[in-house]
Amino acid sequence: MKLSLPFLLSFVAASAGAAQLTETETRWLQAGSPVLAYAKQELKLPIDIVVQPQAGPNDVPLAMGFADGRCKLVFSMRGNPQAEEVLAGVPAAQQKVLIEAMTAHEVGHCWRQAQGSWHALPAGFVDAPQEQLASPELQELSKQMRDTRREEAFSDLVALAWTQRANAAQYGQVHAWLMQVRQPVAHGSHNTRAWLQLASNGAVFDSEHNPFEQAHLLWGKGLRKDDQ
C-alpha cells in the first residue's frame, strides 16, 4: 500500500523548509511509502518525519531517533554528499527497492523502541562474557559497539523480511547490497554479517508473522553466532 505525497507530508514534523521537499527527499519518501503506510496503519507506530534544512558534517542521509515517546525519521540530505554516494553504482531502476529496504531498516529501530526492548535481549538468552579490556573506558566502548551492532543487525533483518514480503523478486539484490556495505571488520559496530549469513535466502522468513516478528526470531540465532 502506498500513501499519496500530501498524506506522507502529514508525517513531516515542523522544520525549516520541510514544506518544500527537494527532488531527492521526495524520491526517498515516495520509495519508502509502503513501509511507512504499513507502520502507521497496521502497527500504529508513532512516526514523525523530520527534514533537516542542512545536514551536519557527520549526519547520515536517513536515520531514526526517538523523543517524547515518538519515533523521528530524520532526513539529512541537503548539502550531504552521502545522499547520492550511498547508492553510487546502483542502476536507477534498482534504487527504489534499496531505499524501501533502508526505510524498513529505520522503522525496525522504531519498532524496537516502541516495544520498550531497545538493547534488550530475547527472553532466556544468556549473554556471553565480554572480552576484558585494559581500561573501563575501552570496556564501555566495546559494550556500546556490541549493543549498536545488535540493533543494526535486527534492523537489517527487518529490511530483508520486508523485502521478502513486498519485493521478493529483488531479495537477492538487497541481500547482496547489504553484504557489500556492512563492515567486514570483526566486532565493528555495523558488522552484521553474522546475521546476514543466516538470511541468504528469503525462505528463512515465516510469512505467518509480520516482518518485525520474523526478524526477531532469526535475530536470536545470530546473537549466538556473533558471540562465537
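Author: What follows is a short talk about the sheet, the helices and the disulfide. This is a predicted model, in which local features need pLDDT of at least 70 and side-chain atom pairs count only at pLDDT 80 or more, while totals for chains, interfaces and linings use all residues. Residues are numbered from 1 along each chain as its sequence is written, and side-chain values use heavy atoms, with hydrogens and water left out.

Reader: How many bridges join strand 1 to strand 3?

Author: Five, and the two strands run parallel. Aspartate 48 stands opposite lysine 72 in strand 3.

Reader: Is strand 1 enclosed or open to the outside?

Author: Strand 1 (residues 47-51) is largely enclosed by the rest of the structure, because four of its five residues are buried. Buried means under 20% relative accessible area, with a 1.4 Å probe and protein chains only; exposed is over 50%, and partly exposed is in between.

Reader: New topic. Which cysteines does the disulfide join?

Author: Cysteine 71 and cysteine 110, with S to S at 2.1 Å. A disulfide is a pair of cysteine sulfur atoms within 2.5 Å, and a search of the whole structure finds one.

Reader: What parts does the pair tie together?

Author: Cysteine 71 is in strand 3 (residues 70-75) and cysteine 110 is in helix 5 (residues 92-114), so the linked parts are 39 residues apart in sequence. Cysteine 71 counts as buried, at 0% relative accessibility, and cysteine 110 counts as buried at 0% too.

Reader: And helix 2 with helix 3, at what angle do they cross?

Author: The axes of helix 2 (residues 23-31) and helix 3 (residues 33-41) cross at roughly 55° and come within 5 Å. Axes are lines fitted to C-alpha atoms, for helices over the stretch in contact, and angles run from 0 to 180 degrees between N-to-C directions.

Note on methods:
Two strands pair if DSSP finds at least two bridges between them.
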